[in-house]
Amino acid sequence: MGITQGIEESFFDAIIGALETRSMPAGATLVAQADLVDSLWIVETGRLEGFGGLANREVELDAFGPGDLIAVSLLPASGPALVTVKTTTQAVLWRLPLADANALRETWPGEMAAIWDRAAARATFLSLVLGLRQSILFQDVNLATAVQLAKMAEQIVLRGGEVLFRQGDASDAIYVVINGRLDVVKRDGKGKAELVNEIGPGESVGELGLVTDQRRAADIIARRDTTVARLDKREYMEILRRDPEGIARGLVRSAQGVSTGMARFRRQHGGGNLPSLALIAARPGLPLRESAEALSEALGRRGSIILLTSDACKGAGYPINDTSAGAQERNIALLRWLNDLERHYSCILYVADEADTPWTQLCARQADHVLLMIDGAEKPAIGPIERAVRQVPRTAEQRWTTLLLQSPEIAAPVGTMKHLALRPGSQHTHVRAGRAADWARVARSLTGNSVGVVFGGGGARGFAHIGIIRALEEHGVPVDVVGGTSIGALVAGQYALGRGPEEILEGVMSLVKTGEQFTLPLVSLMSGRRFSRGLHTLMGEGAIEDSWRKFFCISCNLTSAQSVVHASGSLWRAVLASNSPPGLLPPVINGGDLLVDGGLLDGLPTETMNRLNGKGLLIVINVMPRTGVSTSYSYDYGLSGWRILWNRLNPFTNSVGMPNIVEILTRSMAIGSIANRTIMLQRATDLLLEPPLSVYAVTDHVKGREIAEFGYTDSAERISAWWDNQLKL
Ligand SMILES: Nc1ncnc2c1ncn2[C@@H]1O[C@@H]2COP(=O)(O)O[C@H]2[C@H]1O
């Protein structure tokens, strides 16, 4: 590959003027891997070798002799060296600084482009040799075989979402992933798809079909933009003949499943431990940049984050709109660069352009998780950028979250369900401009660190929840997901709306003061009218989706005998259903089914919380003592209502020892779920709070403030000690 080959005489004179010569002894290092390179070199005399680091050993990648061009960066501007280059003999080199090369480009555009293309081709080839020698399948082959492999292999760039091949296709080639990621998806007889594996750099696909001579066992789809080296069957067989021992070792490694283990190891230990993210605004004019910075700062507490904009990419030498000569090489170079970034950082945050550009599309393809920003106050509609981005092919694994920007002035968002109806399958979070705490919540959710609190049922004892909320707030425990049953749902619902403990206490007290009417016991003992009206006023008209915190509550469907998780739709109706003890309040009618208090089946919904909050932190507040309703009073001959009335009226008898009908009904209702509770609580909770509340009766609503205070005093120290030991995000 002589540099002067085919180059005009006058240009040759010009370039000679820019060259500096340098003599080097044998064994000297010209450039070390990862150093910034700012030059091209041409070998005049002597020999050099290129090495790449691989699992603590250096492998040989390339050899250079007189007339050869040494280009070790994939960038036209200065960039990191792919390899280490050392002299093996005494050598004389010509150095062409990239700055001078760029200046020469002004006068000799065509000629310099030819040199650059050669340099790019050489560097791309080098990166392919490096990729192959770092692969599980070919890491044991000798240098000559690796160079031969790289010469035969076809380098293919797949776009995110693109299919490499389908299950059932004929097996004609194997593919080594150089940069990027592939999904292995299997389909059953009914066409149901399941992700069975993920393939990262250094791993290969298709060896199964090639070696066993069977059709493809799975679909292979690019998770993001990916470069693969393709070797067809004939070529692979030829390599097998050249270096049977090296190939056999690779096959054994691969068959032993070291492949997936190694890739997982790399992913865990070589950065990339968080999903790659893309922040995309649905339309121009949203505060994309500020939001990206706020999110990046919040994520930065969890790992090393790199925020990538199209400008940053351009600055690094990768113009994304580039269609000029050599664009394919630069594309490969870009993917390699992104791959390196992924290895070095915990997370890449791709920030889209404020328009539908190739960069915005690339962001959508690269992300494991797309964050779509919309204006929560706007009329629900699909934004123009969003519309374009939705056309970008993507794998089924990609997750979407809609971030609804809200004004910091509003009490609660409105109309969220309409925004979400346009975006099926998307999660959502509300964020207020300028509120770092909201971005911290998004960061926790993205990294599986959301804090969930389960508020159990237990009548008036549930006032303790409110004191515990106060303790959580005072110690700065951020709560992201709340859920509960009965009184737990009532407290959690208000907390989800962003209310503080004092306001929640006032709210629950106001309901107690409605003094529910006892009715003729045809449907229930109480009419429930005042309670439901009061609850409606208290919670407002909004939907669960409109609350700042993620919320759910539990009711019980009497008709189908199943517990119901309310995580969507009218908030007050959900809380009402969760608070309608059968026999005491009338059931809530929902589509012909009767819904009653969730305490019947699931008074402490930790399983539902686990399902909704994944790997997040779990705090459980149990206000239902494991033993309850006992009395010292003996009523062997039946218990007369008159006797109880007399007891109530007679100032000389102790009426506290006597469980009333409400207590007995409440306890009976909960009995099934209390029996299950012991088992549930033994499962891992991060913090279990069980204030000793048996001194209070489930009907002690008038003591609400005192019970709340009790909850606070009992939990404050434990919460503080626990929170001090947590990793904060
Ligand atoms: N769990 C898996 N099941 C099937 N194929 C897998 C799996 N994991 C990785 N693969 C790769 O997916 C490829 C699909 O085509 P092949 O059957 O030729 O070879 C297969 C393997 O290389």
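**Exercise 1. The ligand shell**

Which element gives the largest share of the shell around the ligand, and how many residues does that share hold?

*Solution.* Start with the ground rules. This is a predicted model, in which local features need pLDDT of at least 70 and side-chain atom pairs count only at pLDDT 80 or more, while totals for chains, interfaces and linings use all residues. Residues are numbered from 1 along each chain as its sequence is written, and side-chain values use heavy atoms, with hydrogens and water left out.

Step 1. Find the nearest residues. The ligand has 14 residues around it, and Asn197, Gly206, Gly209, Arg216 and Ala217 come nearest. A residue is near a molecule or strand if one of its heavy atoms lies within 4 Å of it.

Step 2. List the polar contacts (pairs of N or O atoms within 3.5 Å; within protein, one must be able to donate a hydrogen and the other to accept it, and residues adjacent in sequence count only if both atoms are side-chain atoms).
- Asn197: an N or O atom of the side chain is 3.0 Å from a nitrogen atom of the ligand.
- Gly206: a polar backbone atom is 2.9 Å from an oxygen atom of the ligand.
- Arg216: a polar side-chain atom is 2.7 Å from an oxygen atom of the ligand.

Step 3. Check the cover. The ligand alone exposes 450 Å², and the protein buries 85% of that. These areas come from the Shrake-Rupley method with a 1.4 Å probe; for residues, only the protein chains shown count as cover.

Step 4. Assign the elements. Strand S14 (182–187), strand S15 (193–199) and helix H5 (207–212) each give two or more residues to the shell. H5 gives the largest share, three residues. Helices (H or I, at least four residues) and strands (E, at least two) are DSSP runs, numbered from the N terminus.

**Exercise 2. Strand S26**

Step 1. Separate the faces. In a regular strand the side chains alternate between the two faces of the sheet. On one side of S26 are Val481, Gly483 and Thr485, on the other Val482 and Gly484, all buried.

Step 2. Take the pairing with S25 (residues 451–455): the two strands run parallel, joined by four bridges. Two strands pair if DSSP finds at least two bridges between them. Gly452 stands opposite Val481 in S26. Between S25 and S26 the chain passes through helix H16 (residues 463–474), in a right-handed β-α-β crossover; right-handed means that, with the strands pointing away from the viewer, the path from the first strand over the helix to the second runs clockwise.

Step 3. Take the pairing with S27 (residues 550–557): it is parallel, over five bridges. Here Thr485 stands opposite Ile554.

**Exercise 3. Helix H17 and Asn339**

Is helix H17 (residues 487–496) largely enclosed or open? What does the side chain of Asn339 reach?

*Solution.* Step 1. H17 is largely enclosed by the rest of the structure, because ten of its ten residues are buried. Among them are Ile487, Leu490, Gln494 and Tyr495.

Step 1. Just after H17, Gly498 has a positive phi of about 90 degrees.

Step 2. Asn339 lies in helix H11 (residues 327–344) and counts as buried because its relative accessibility is 7%. The side chain of Asn339 reaches the backbone nitrogen of Gly180 at 3.0 Å.

Definitions and conventions
Buried means under 20% relative accessible area, exposed over 50%, partly exposed in between (1.4 Å probe, protein chains only).
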